[in-house]
Amino acid sequence: MSNGIFNVPVASNEPIYDYAPGTPEREALLASYKEQYAATVDVPMYIGGEEVRTGQLGKLTPPHEHGHVLGHYHIGDESHVKAAVDSALAARKQWGAMPWEHRAAIFLKAAELISTKYRYKINAATMLAQGKNCFQAEIDAVCEFADFLRFNVEYMTQIYSDQPESAPGIWNRLEYRPLEGFVFAVTPFNFTAIAGNLPATPALMGNTVVWKPADSQIFSANVVMEIFKEAGLPDGVINLIYVDGPVAGDYIFSHRDFAGLHFTGSTAVFQHLWKTIGTNIDKYRAYPRIVGETGGKDFVVAHPSAPAQQVVTALSRGAFEFQGQKCSAASRAYIPSSMWPAVKEGLLADLATFKMGSPEDMGNFINAVIDERAFDKIASYIDFVKEQDDAEIIAGGGYDKSVGYFVEPTVVVTSNPKFRTMVEEIFGPVLTIYVYEDADWAATLELVDNTSDYALTGAIYSADRYAAIEAANALENAAGNFYINDKPTGAVVGQQPFGGSRGSGTNDKAGSYMNLLRWVNARTIKECLVPPTDYRYPFLG
Ligand code: NAD
């Protein structure tokens, strides 16, 4: 019975543990890390109520020590994609009809489990699987993930309470139906929170989901699923499968009941999926919703009035935390020549203190990049820079994959504002800097706007308010998340709704009601309280 108009708990951001030396949290986190490091997990797919093991195994290894095996996952084929779709469709009716407050309660419980019982487990799993230090794992797997779930419940009620006016004698209502079919969630390696949120958001709105994570995130995805199950998510609502992208895509994008894609990952993959959906458009029952948050080439622009040390810190953190593997990471910077000596000195001094290694040693600011493919790609960019005349590496430039996938934080300075590494997303710890003449401020803003196809995040540092306004106007379409005197990373759910446009995605703003709206299909109901009984209008006399 839903005889009540219920208020949901007011969402607030999960407090971040700092894991300072000597704190009990640090001890508890390290204990969980060591336990998961020493164990060997056997990770099944989750289809309906079943844990599916195929015996065809993929290896789970930490990026900082690829010779160490954390466990195995069971690789599926097209029959598992089909089973997951069938299971999602079978669960759809009952789940969609579940009173919203019960769906809300399940995800609120999941958030509570993340911030309490599973806090250290999901944090340590993310440190191990994705190569994050404890702070990066905390702000992702614990805080952002719990925030997504709690704030989304609030946004759901905002959407449901958005109701039309009613003229006298009439009652108009909007019913926010789930989509007619299943949703396909395809998630990236770099954030456990995004991986959990992409299937959870459509599910909260009453949809059922097939979820395909990135291979390198399966270890922590398994913990996400453990939490969803303990929270009481019914079987079949989220079906987790490990198959090659194209194997899943071939089946799903030809299915009549495919109703939506919730994607985060690279621009090239998203464009490929969109094209496939477009080609198959006549096969579907309804027009599928396509939501994709993709790559970035995120900028920091310093105005000559900005304090140099603020710019230095923005670059040290913005470009190199999590080895530059955030879609929002600063990867191109524009520094005025008058400020450059101070920024260069400060940046080199910071980099000289960065320690790199395993996340278990909490003194390490920098860890490994995610896998061999990423390592080779980043290394090839560094090699390319070394061969060019119009760019120079002033810090880093080394890499070594003998034990783990380690790439030194690397700073490139170029005299060519359209240099390749100013334009393309590298997704690694490589920052390219262009030093502009102070007098060329306005022209530099134009350069920033025109240099890359992406438009995800960007930051302007200025002590001069007129210059900040000029930059905000000139860069209106250059970033979906624009920062004034702050680094371009670290968006917080409920505070800075996240997403970019141009090549960076559909900008449906994860962590806001805008995203949730994509997972409902509104039905307008007009009810006439006393229907007319004579067709003749008064004007007919
Ligand atoms: P990726 O594009 O390589 O993979 C993303 C997902 O797509 C994975 O699950 C992968 O297996 C799947 N996939 C790949 N090919 C497929 C196919 N043909 N069919 C179906 N699925 C397929 O990205 P990644 O390396 O995991 O993540 C890094 C990328 O994600 C970067 O470009 C980064 O900028 C972007 N990203 C964007 C945001 C954002 O909010 N804008 C957030 C995080 C990451």
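Colleague: Let me begin with salt bridges. Which residue forms a salt bridge with R285?
Modeller: Please keep in mind that this is a predicted model. The partner of R285 is D257, and their closest N and O atoms are 3.0 Å apart. R285 sits in the loop between α9 and β11, and D257 in the loop between α8 and β10, so the bridge ties together parts that are 28 residues apart in sequence.

Colleague: Is D257 buried or exposed?
Modeller: D257 counts as buried because its relative accessibility is 15%, and buried means under 20%. R285, with a relative accessible area of 39%, is partly exposed.

Colleague: How many salt bridges are there by this rule?
Modeller: The count comes to 21 salt bridges. One of them joins E112 to R150, with the closest N and O atoms 3.0 Å apart. E112 belongs to helix α3 and R150 to helix α5, so this pair links distant parts of the chain, 38 residues apart.

Colleague: And how accessible is each of those two, E112 and R150?
Modeller: E112 is partly exposed at 43% relative accessible area, whereas R150 is buried at 12%.

Colleague: Which residues are linked with E112 and R150 in a network of salt bridges?
Modeller: The network also takes in E14, R119 and E138.

Colleague: What about D140: which residue is its salt-bridge partner?
Modeller: D140 pairs with K132, and the closest N and O atoms are 2.9 Å apart. Both residues of that pair are buried.

Colleague: Let us turn to open spaces. What is the volume of the second largest pocket?
Modeller: Its volume is about 870 Å³. There are 32 lining residues, and those closest to the centre are W100, Y160, Q163, L174 and Y176.

Colleague: Which element gives the most to that lining?
Modeller: Strand β6 gives the most to the lining of this second largest pocket, with 8 residues. The elements that each supply at least two residues are α2, α3, α5, β6 and β23.

Colleague: How does the lining of the second largest pocket divide by class?
Modeller: It has 15 nonpolar, 9 polar and 8 charged residues.

Colleague: Which residues line the second largest cavity?
Modeller: The lining consists of Y46, G48, M225, K229, L233, P234, D235, G236 and I238. By class, 5 of these are nonpolar, 2 polar and 2 charged. The space in this second largest cavity is about 60 Å³.

Colleague: Finally, the surface. Which residues make the nonpolar surface patch of about 570 Å²?
Modeller: The patch is made by Y535, Y537, F539 and L540. Y537 is found in the segment after β23.

Colleague: Why does Y537 count as exposed?
Modeller: Y537 counts as exposed because its relative accessibility is 55%, and exposed means over 50%.

Terms used. Residues numbered from 1 in each chain as written. Predicted model: local features only at pLDDT ≥ 70, side-chain atom pairs only at ≥ 80, totals over all residues. Heavy atoms only, no water. 1 Å grid on protein atoms, 1.4 Å probe; cavity = no way out; pocket = protein on both sides within 12 Å on 5 of 7 lines; lining within 4 Å. Points joined across faces, edges and corners; volume = space filled by probe spheres on them. Helix = DSSP H or I, 4+ residues; strand = E, 2+ residues; numbered from the N terminus. Nonpolar A, V, L, I, M, F, W, Y, C, P; charged D, E, K, R; others polar. Patch = residues over 30% accessible without salt bridge, like charges linked within 9 Å, V, L, I, M, F, W, Y side chains within 5 Å. Areas by Shrake-Rupley, 256 points an atom, 1.4 Å probe, with all protein chains shown as cover. Salt bridge = Lys/Arg side-chain N within 4 Å of Asp/Glu carboxyl O. Buried < 20%, exposed > 50% of the residue type's maximum accessible area, 1.4 Å probe, protein only.
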